[in-house]
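User: Please take a close look at one part of this protein, the sheet with a helix lying across it. What does it consist of, and how are its pieces arranged?

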Amino acid sequence: MLSSQQDITRKSESHVPEGGAVRRRLVNGGSALLLAIAAMLAGCAFPSPPGRATGNMTALGIENKPYHIRVGDKLSVRFYKTPELNIEDVPVRADGKISLDLIGDIQAAGLGTDQLSDNLAQAYSKELEGPRIAVIVRSFGGQVFVGGEVNKPSSLAFSEGLTALQAIQGAGGFNDMASMENVVLVRRAGDHYEGYRLFLKKALSGDDYQQDVALQPNDVVYVPKSRVANLNLIVSQYISKMIPQIPIGLPIF
């Protein structure tokens, strides 16, 4: 009886069309690959940049620090005794300097407004008697860049106190595939770039506000896909397209 059943099984398999066997192998292989990827993604976190947000990187943290003039800022320079020398919207050039009548170029970037005022008063003392000068920052230079899983990836004009969450909202907010726990901040530090991982989900829940860091000009905020979105993308691109489309109503084998 057993041998008869084995004969039937062998005959049945010998009549399976070659295409059916291929489909069966692809389906089984695709299922195995899907399970392997799911296990891999479930066990592995998003690769973490080395940096971590700290309290002095928040908007509250920078409020306690004096502002330093940056490249791209526009300044107003006011002369109390000689208002005819007043000048508005003086741009801070890429070399960090501004150009003014009578004294020419003078360093501005990296200085506080009070320090620049003192430097200008000293420079103008050769031309004016007892000059009193005030410097006011009229607009901030630079942009921040927001990309990844946001609704409108874009560059935004920098403003002092702009935070990561505010920038993401300015780029249309998180989309449905975004991971709010793995947002990456890329920031230039001298001659190299540093990366920070931001747990913005904690900032939104109120558990850790310092994750919503204050941005600097030319910062890049990148929102990656969530694990679920990554898995769905792999299924769409690499598994579904590998398996032949079988017309509905026809047997696979």
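**A helix across a sheet**

In this predicted model, helix α4, residues 113-124, lies across strands β2 and β6 and runs at about 135° to β6. The two strands under discussion belong to an open sheet of three strands, in the order β3-β2-β6, with antiparallel pairing. The edges of the sheet are β3 (87-91) and β6 (133-139); each has a single partner strand, so one side of each is left without a neighbour in the sheet. On average, neighbouring strands here are turned by 30° against each other, direction ignored.

In the case of β2 (residues 74-79) and β6, the strands run antiparallel and are joined by six bridges.

For comparison, look at another set of strands. Strand β9 (residues 183-189) runs antiparallel to β10 (residues 192-198), and seven bridges join them. Alanine 189 has histidine 192 in β10 as its bridge partner. The hairpin of β9 and β10 has two residues between the strands, and glycine 190 takes a positive phi near 70° there. Strand β9 is also joined to β11 (residues 220-223), again antiparallel, by three bridges; the bridge partner of valine 186 in β11 is valine 220.

How values were computed
Residues numbered from 1 in each chain as written. Predicted model: local features only at pLDDT ≥ 70, side-chain atom pairs only at ≥ 80, totals over all residues. Heavy atoms only, no water. Pairing = 2+ DSSP bridges. Helix = DSSP H or I, 4+ residues; strand = E, 2+ residues; numbered from the N terminus. Axes fitted to C-alpha atoms, helices over the stretch in contact; angles between N-to-C directions. Contact = heavy atoms within 4.5 Å.
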